[in-house]
Amino acid sequence: MSEMDHHSQMQMNDHDMSKMNHGQMQMDDNDMSKTDHHSQMQMDNHDMSKMDHSQMQMNDHDMSKMDHSQMQMDDHDMGKMNHDHMKMDGHDMMMHGGQMMHMGNLKQKFWVSVVLALPVLLLAPIMGLDRAVFNFGDSWVKNLLIIGFDAALYFYGGAPFLKGAKAEIHSKEPAMMTLITLGISVAFFYSIYAFIANSFFHPTTMVMDFSFELATLILIMLLGHWIEMNAMMGAGNALQKMAALLPKTAHVITADDQVVEMAVAQLKEGQMLQIRAGESVPADGVITAGTSALNESLVTGEAAAVKKKVGDQVIGGSINNNGTLTIKITGTGESGYLSQVMKLVAQAQQAKSKAETTADKVAKYLFYAALIVGILAFFIWLPQGLATALTRMVTVFVIACPHALGVAIPLVVARSTSIGAQNGLLLRNRQAVAASRQLSHVFLDKTGTLTAGKFTVNAILPAQGITEQEVLAKFAALESTSSHPLAQAILTAAKGKNVNFVSAQAVKTLPGIGLSGKIADKNYMIASLAYLKKQQLAFDEKTALDLAAHGNSISFLLDAQQRVLGMIAEGDQIKTGASQLIKQLQAQQITPVMLTGDNQQAAQQIAQQLGIKDFHAGLLPTDKQKIIRQYQAKNQHVMMVGDGVNDAPSLAAADIGAAIGAGTDVALDSADVILVRSDPRDILNFLSLAKLTNRKMIQNLWWGAGYNIVALPLAAGILAPIGIVLDPAVGAVVMALSTVVVALNAMSLTPAKIKPAA
């Protein structure tokens, strides 16, 4: 596309999809791997320096109020998807032991469980004691009432943990859910056994029940998970929002040349489609008639539209800015390019979800330790009687699930999330915090992350005898009615320099050239570099080419005699703080790497200005993700920072995905961290916060579970020969104290300890 005129066929769409309602649209993990005919698709360099200024118009295509809530993919080639599997409520899902678990409405479960637990907490004896808060004797009616509330608590309040344990065991990855289930299950069923034994068999020694412990365990664990889920944002809908890039219907050209509207779900390869100006392309295809400029930002991430002609490929989800196209469908559903990108995101998210957190590892070790110690204790104490052996084993199992462990991490997460929000960060996945400890590379998308992603006037060069003010005034007069980004940049520059101008009259678009109009009854023209060369007009070619080489788009002002009166260079601007970010990352021995869909020349210029030694240009989403995978294969731990649909697979694949707050919904939903202020320096704030958060998590895990190193052997009776056996009541007190300690330790994490980027 090096011959594209910098203003000509290039159109932009105000394609604000950020408020689209995708509420009822459900997507599943769809196997799109059968065909990958777009995976090797390459894009030509977008050398904007040679693009024409003429036909590049703004199509006010504001989709911000579109309602896609009823949009479905039912009978599409993607129709094999199971919609139920990906139906996620952001407040209902949690990740544990590599499993995405549906926790239900934890707020509701917690408060209902509090009501159910009150009678138990008031009437049931505390572990190891014969007394309850209220003593009404030891009638079997009271005990039956307690068991009834125990059952309600176990099956209602404990349901999320039972389901979670089932998933963990099925995947052979026991972790937190399994440990919690072990504790509450043993407490519940042993309490039933105690009720039956005490009420009907009347043993000489009362069989101790664990109803009190069951109630407190369930309440503490529900509270901890509720706190964590409330702190974390909901599970992303990246796949849903990607699918929403496709329109609901398409204009199909029939065999008798009639145009009929058909649901996108019913499209088939080989059909002919008509794509009108402003419409989304419903499927991949090849142009058979017409020319236009398409917004393919979902592919390249760059704002520049791409000129298309007969024989060129178009991608489903891109926007047709001007003109009418006829295309022949080459890919729909699973074979479509957008579907391939969705597949990449789904696979990356699934792979990342399998990473174990430190808390899950601790819980897994505790589970195995409790199981082994408990079983050994049972057989060691069996000669003393079945009741004694059973009591020892159950005590080990219940103590192994300390209350403090349920809130150790959630309290730190909640505190860290709150502090992060004060520093412009939204933490959506606590795995990102743990991953930051081994971070070696930070991959940065260029446009929108390191650069502002919008044009500004970088240079105004008047011809001899003409002032800079005059050149800018005439440019502004001719561009005053245009909403194109390049035109808006000129108008902004004129306003900033207090240049007065009156809108030009009889403004006309000159296809392939630029535009013309009258100012004070004199004719003027804005033309491209290509036009001047073609007409062999005299101009400062060396300066123009030098500006173009720095990634600028060049426009020329001509009078009625075709004399060049001056030129204006416009280009993207590096964000404030981007240079500081690069320097500080390098100071922390973290290597910055720039990834972009822009051309090599423009990428190299930005990289040199920022001091980035490693960069990759001309990339598709598949290319970005492949590069990240290559680094990870070398045991490198990487962070990806981006803002567009094209960054979604990379954000999901990286060990840490950070999305710019001003980016697309798809990028935000694919990320672990959101930089709300769109300031790249907030990456440094995240790294500082993550370091402190990791430290607090490790400390709390030691406080929450470390006492088991001593408690489990003592509960099993390892020191019984010398008369030391851990009394269950003492174990309960220690657990309560450890809960208080982890809460105080979590609160010691304060905003003042975060080192903000200077």
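Predicted model: local features only at pLDDT ≥ 70, side-chain atom pairs only at ≥ 80, totals over all residues.
User: Why is A363 called buried?
Analyst: Buried means under 20% relative accessible area. A363 has 0% relative accessibility, so A363 counts as buried. This residue is found in helix α9 (residues 358-381).

User: What makes A175, M176 and L179 contacts of A363?
Analyst: A contact requires heavy atoms within 4.5 Å. A363 touches A175, M176 and L179, with residues up to four places away in sequence not counted.

User: Why is strand β20 described as largely enclosed by the rest of the structure?
Analyst: The cut-off for a buried residue is under 20% relative accessible area. In β20 (residues 553-559), 7 of the 7 residues are buried, so the strand is largely enclosed. S553, S555, L557 and D559 point one way, I554, F556 and L558 point the other way, and all are buried.

User: How do you know that β20 pairs with β19 and with β21?
Analyst: Two strands pair if at least two bridges are found between them. Strand β19 (residues 522-528) and β20 are joined over 5 bridges in the antiparallel sense, and I526 has L557 as its bridge partner in β20. Between β20 and strand β21 (residues 564-574) there are 6 bridges, again antiparallel; here F556 stands opposite M567.

User: What is the phi of Q562 in the hairpin of β20 and β21?
Analyst: Q562 takes a positive phi near 65 degrees, and the hairpin has 4 residues between the strands.

User: Why are β6 and β11 said to stand at the edges of their sheet?
Analyst: The open sheet has 6 strands in the order β6-β5-β7-β13-β8-β11, with antiparallel pairing. β6 (259-263) and β11 (313-314) each have a single partner strand, so one side of each is left without a neighbour in the sheet.

User: What makes β7 and β13 a pair within this sheet?
Analyst: At least two bridges are needed, and β7 (residues 272-275) and β13 (residues 325-331) have 4 bridges in the antiparallel sense. Q274 stands opposite T326 in β13. The two strands therefore meet the definition of a pair.

User: Which residues of helix α17 are buried, and what covers them?
Analyst: In α17 (residues 578-587), A578, Q580, L581, I582 and L585 are buried. Their cover includes β15 (441-445), β21, β22 (591-595), α18 (600-610) and α22 (682-705). The helix is followed by Q589, which has a positive phi near 65 degrees.

Technical notes. Residues numbered from 1 in each chain as written. Heavy atoms only, no water. Helix = DSSP H or I, 4+ residues; strand = E, 2+ residues; numbered from the N terminus. Buried < 20%, exposed > 50% of the residue type's maximum accessible area, 1.4 Å probe, protein only.
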